[in-house]
Amino acid sequence: MDIVDLRSDTVTKPTPEMREAMAKAEVGDDVYGEDPTINHLQEVAAAKIGKQAGLFVPSGTMGNLIAVLVHCQRGDEVIMGDLGHTFLFEAGGVSALGGVFPHTVKNQKDGTLQIEDIIGAFRPNDVHHPVSKLLILENTHNRCGGVVLSRNYIEEVGELTHKHGLFLHIDGARIFNAAVAAGVDAKSLVETADSVTFCLSKGLCAPVGSVLCGTTEFINKARRLRKMLGGGMRQAGILAAAGLIALDKMVDRLAEDHLHAKTLAEGLAQIKGIEFEMGMPETNMVFFSLKPEVRLATSEIVTKLADNNIKIGVVGERCFRMVTHRWVTDEGIERTIQAFRTLFT
Ligand SMILES: *Cc1c(COP(=O)(O)O)cnc(C)c1O
């Protein structure tokens, strides 16, 4: 029985076509700027996201960190959501490595930050305060349920931050999930952003890597910081070759993952004892929790599912996350729903 691994879309393995392209990739020393496949990927990525230039980085975490380090000096402040990936899941890098102060604003259920809260977070020009320099939005918003931030909202925030002299960075780890779900071009979701990070290694199935995009000047600074952080790689065109296929072939099919998430959530919604406090899925993530009357322990659920070769994520005391992706089939979705039915009856 195949394993249905719903812990994350980061578990995706490269497709056969990717492996073939990786084997054949033309490579060179990318620290010298001489890897043709990396150079090509960076151009394609920047064009796809509507920015002047791109930089291939080993991870989304490094992409976000570099963006903060380019935009901010030590002692500056970055405004971000209190459920944001950069705040929760990037090991505090912006403070530890950048000396940049995180100022959190409450994330609303829909992944947004309220405009009044953002305005309230801007620091007055006074020697007592750090300087507000950057604001980060996340799209899709992971911890808020894989929800999509709309183009209108992002534009409004972009105008506001620029008016106050701040930069806007978008952590678009899953920006293509957002674009596919909203039925818009990814470019239109990041138009007002000064920089964007997106991951090739999640739903897009590449084995490694993210791309940081922005102006040519921004990327030139970012390249030096990537080297400083130890992210300057050599013949990494082998990885970029998979990234090119990710961008060319794997974006449109994300709709299938979204449909699977919807089917899965609808199936679970029929089961007494399961609730969807965070709402039904908008993209490829299904978050659900146990109603108070349920006696099953969280760990028991995880173990029993594992016995059926189904892996799911735990994100809280009685809250779970399942993420659909390329390697989860119709059959896997059915088997998962069935396993939950059995468990709860
Ligand atoms: C996964 C993720 C990242 C970072 O990606 P890594 O490549 O795992 O470092 C950043 N932001 C969000 C929203 C993510 O989900």
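Trainee: What relative accessible area does Asn309 have, and is it buried, exposed or partly exposed?
Mentor: This is a predicted model, in which local features need pLDDT of at least 70 and side-chain atom pairs count only at pLDDT 80 or more, while totals for chains, interfaces and linings use all residues. Residues are numbered from 1 along each chain as its sequence is written, and side-chain values use heavy atoms, with hydrogens and water left out. Buried means under 20% relative accessible area, exposed over 50% and partly exposed in between, with a 1.4 Å probe and protein chains only. Asn309 therefore counts as partly exposed, with a relative accessible area of 24%.

Trainee: In which loop is Asn309 found?
Mentor: Although Asn309 is not a glycine, it has a positive phi of about 65°. Helices (H or I, at least four residues) and strands (E, at least two) are DSSP runs numbered from the N terminus. Between two such elements Asn309 is found, in the loop between α13 (298-307) and β11 (310-311).

Trainee: Which residues are the closest to the ligand?
Mentor: A residue is near a molecule if one of its heavy atoms lies within 4 Å of it. There are 13 residues around the ligand, and the closest are Gly60, Thr61, Asp171, Arg174 and Lys202.

Trainee: How far is a polar side-chain atom of Asp171 from a nitrogen atom of the ligand?
Mentor: A polar contact is a pair of N or O atoms within 3.5 Å. An oxygen atom of the ligand is 2.8 Å from a polar backbone atom of Gly60, and an oxygen atom of the ligand is 2.6 Å from an N or O atom in the side chain of Thr61. For Asp171, the distance from a polar side-chain atom to a nitrogen atom of the ligand is 2.6 Å.

Trainee: How much of the ligand's accessible area does the protein cover?
Mentor: Accessible areas come from the Shrake-Rupley method with a 1.4 Å probe. On its own the ligand has 380 Å² of accessible area, and the share of this that the protein covers is 86%.

Trainee: Which residues are the closest to the centre of the largest cavity?
Mentor: On a 1 Å grid over the protein atoms alone, a cavity is a set of points where a 1.4 Å probe fits but cannot get out, and lining residues have an atom within 4 Å of a point. The largest cavity holds about 90 Å³ of space, a volume being the space filled by probe spheres set on the points, which are joined across faces, edges and corners. It is lined by 14 residues, of which the closest to its centre are Gly81, Gly84, Ile136, Leu137 and Glu138.

Notes. A polar contact is a pair of N or O atoms within 3.5 Å; within protein, one must be able to donate a hydrogen and the other to accept it, and residues adjacent in sequence count only if both atoms are side-chain atoms. On a 1 Å grid over the protein atoms alone, a cavity is a set of points where a 1.4 Å probe fits but cannot get out, and a pocket is an open set with protein on both sides within 12 Å along at least five of seven lines; lining residues have an atom within 4 Å of a point.
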